[in-house]
Amino acid sequence: MNGVHDMGGMDGFGKVEPEPNEPMFHEEWESRVLAMVRAMGAAGAFNIDASRFYRETLPPQVYLSSSYYRKWLLGLEALLLAKGFISQDDVAAGHSVAPAKPLKHGKFAMADVERIMVRGKFGRAAPAAAKFKAGDRVRAKNIHPATHTRLPRYVRGHVGVVERDHGCHVFPDTVANDAGEHPQWLYTVVFDGRELWGADSDPTLKVSIDAFEPYLEAV
Amino acid sequence: MSEHDHHHHDHDHSELSETELRVRALESILTEKGYVEPAALDAIVQAYETKIGPHNGARVVAKAWTDPAFKKALLEDATKAVGTLGHVSRVGDHLVAIENTPGRHNMVVCTLCSCYPWEMLGLPPVWYKASPYRSRAVKDPRGVLADFGVSLPKNTEIRVWDSTAETRFLVLPMRPAGTEGWSEEQLAELVTRDSMIGTGFPKTPGAPS
């Protein structure tokens with residue numbers, strides 16, 4: 001979706017402000033939100049792409065004015081409500097008043113903590129041969145899916161070069177909508193800065209994205 | 001530990017913000033429904049606070065600086081290479097290491113959200129997840145580097161890696177001059193988090209920290 005989360009190339013957000021000796025969490029609640037998102041995902045309530053999608057679909061004015069973990073909180077609430085793990089009555093009461101819904105992997109317990117400290121595996125067996133190889137020139141398709149995608153807007157319609165083949169991976173565009181993993185070939189595609197930003201761009205700039213095969217067409 | 005240790009559960013509720021109340025309510029709901037064990041949530045937080053952090057990445061970089069065979073393996077398949085190091089947290093799938101050279105500087109961003117190699121660098125800093133960095137890194141990386149007080153020679157190629165899939169990137173910065181004969185442990189002390197994102201350089205030997 002063409003949401004405000006898709007920020008590459010936008011102007012007006014100001015300077016980057018590094019914070020010396022930044023604490024890991026600025027408030028204790030941030031750590032609880034992080035833990036709840038990790039735990040509910042691991043328990044099978046949702047996958048990583050669904051959690052991204054629910055943050056992306058926050059209203060633009062809410063997205064832009066909320067801190068990072070506040071967005072995580074709002075996205076988590078919306079997702080759990082949409083999937084029926086919690087109800088509006090629960091939220092209104094601040095306690096559980098509605099029955100629970102079974103989780104795919106059961107309750108998240110102490111024994112599960114170690115497991116989630118390692119990233120999940122997203123590589124999958126290839127359903128078909130790869131269409132592209134390193135060195136191929138490809139165009140990022142001019143597509144505007146209304147649902148989740150990992151094809152950023154600033155590369156659409158532009159021509160780049162395939163640099164690496166990462167094998168087949170879970171396809172975010174479908175798995176985020178509970179429409180299956182549909183593994184796709186994944187490539188690093190490199191674009192020249194001037195191809196993306198025009199003749200005035202820094203001539204030394206190259207930008208790459210990791211692009212799933214359905215995002216690309218041969219040139 | 002953070003400087004915010006005074007924010008504890010037994011605080012006077014009247015001082016809680018709307019967000020804090022909402023977070024607590026949600027945790028109550030998830031706990032009462034039997035979805036999560038609160039102690040397991042505590043353990044997740046504790047693991048992030050104590051086990052993961054840039055020290056993991058720093059050890060990998062220092063090893064690559066001193067062991068050419070490891071460096072080669074790291075650049076070929078970082079997940080596999082890092083998996084052979086017992087003293088670094090296990091990594092999941094698809095870590096990619098990218099090497100800075102005199103002619104090319106690498107920088108990592110996630111324009112869509114906040115993708116970041118947690119296992120290697122810990123949780124990302126606020127600036128990495130915030131709009132200014134996400135919007136500008138792919139278009140004006142030299143301007144972004146200036147915000148960090150970093151400048152590169154005019155003809156150095158800048159390669160920005162937008163982390164748009166589940167691949168995670170670790171920048172392998174150039175080894176600082178004047179470190180000949182240094183041990184891996186000494187070298188690891190010079191490796192900063194930002195140098196592994198590409199928004200900074202390693203520390204220089206002898207420079208004030």
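Trainee: How many helices and strands are there in chain A?

Mentor: In this predicted model, chain A holds eight helices and five strands, and along the sequence they follow the pattern α-α-α-α-α-α-β-β-α-β-α-β-β.

Trainee: What makes Glu166(B) and Arg52(A) a salt bridge?

Mentor: The closest N and O atoms of Glu166(B) and Arg52(A) are 2.7 Å apart, and the term asks for a side-chain nitrogen of Lys or Arg within 4 Å of a carboxyl oxygen of Asp or Glu, so the pair qualifies as a salt bridge. Between chain B and chain A the count is 13 salt bridges, and a separate count gives 47 residue pairs in polar contact, with both residues at pLDDT 80 or more.

Trainee: Which part of chain B supplies the largest share of the side that touches chain A?

Mentor: That share, twelve residues, comes from helix 1 of chain B, residues 18-32. By class, the side of chain B that touches chain A is made up of 41 nonpolar, 19 polar and 26 charged residues.

Trainee: How do you know that chain B and chain A are in contact, and how many residues take part?

Mentor: Contact requires heavy atoms within 4.5 Å, and by that criterion 86 residues of chain B meet 92 residues of chain A. The two chains bury about 8,000 Å² between them, with 58% of it on carbon and sulfur atoms. Of the area that chain B buries against chain A, 10% is supplied by Tyr35(B), Leu112(B) and Glu166(B), more than by any other three residues.

Trainee: Why are strand 4 of chain A and strand 3 of chain B called a pair?

Mentor: Pairing asks for at least two bridges, and strand 4 (residues 205-212) of chain A and strand 3 (residues 157-162) of chain B have five, in the parallel sense, so the two strands count as paired. Within this pairing, Ser208(A) has Trp161(B) as its bridge partner. Strand 4 of chain A also pairs with strand 3 (residues 184-192) of chain A, in the antiparallel sense over seven bridges, and here Phe191(A) stands opposite Val207(A).

Trainee: What is the order of the strands in the open sheet, and which strands stand at its edges?

Mentor: Seven strands run in the order 5(A)-1(A)-2(A)-3(A)-4(A)-3(B)-2(B), with mixed pairing. Strand 5 (216-218) of chain A and strand 2 (104-109) of chain B each have a single partner strand, so one side of each is left without a neighbour in the sheet, and these two stand at the edges. From one strand to the next, the twist averages 35°.

Methods: Residues numbered from 1 in each chain as written. Chains lettered and ligands numbered in written order. Predicted model: local features only at pLDDT ≥ 70, side-chain atom pairs only at ≥ 80, totals over all residues. Heavy atoms only, no water. Buried area = accessible area lost by both parts, 1.4 Å probe. Polar contact = N/O pair within 3.5 Å; in protein donor to acceptor, adjacent residues only side chain to side chain. Helix = DSSP H or I, 4+ residues; strand = E, 2+ residues; numbered from the N terminus. Nonpolar A, V, L, I, M, F, W, Y, C, P; charged D, E, K, R; others polar. Axes fitted to C-alpha atoms, helices over the stretch in contact; angles between N-to-C directions.
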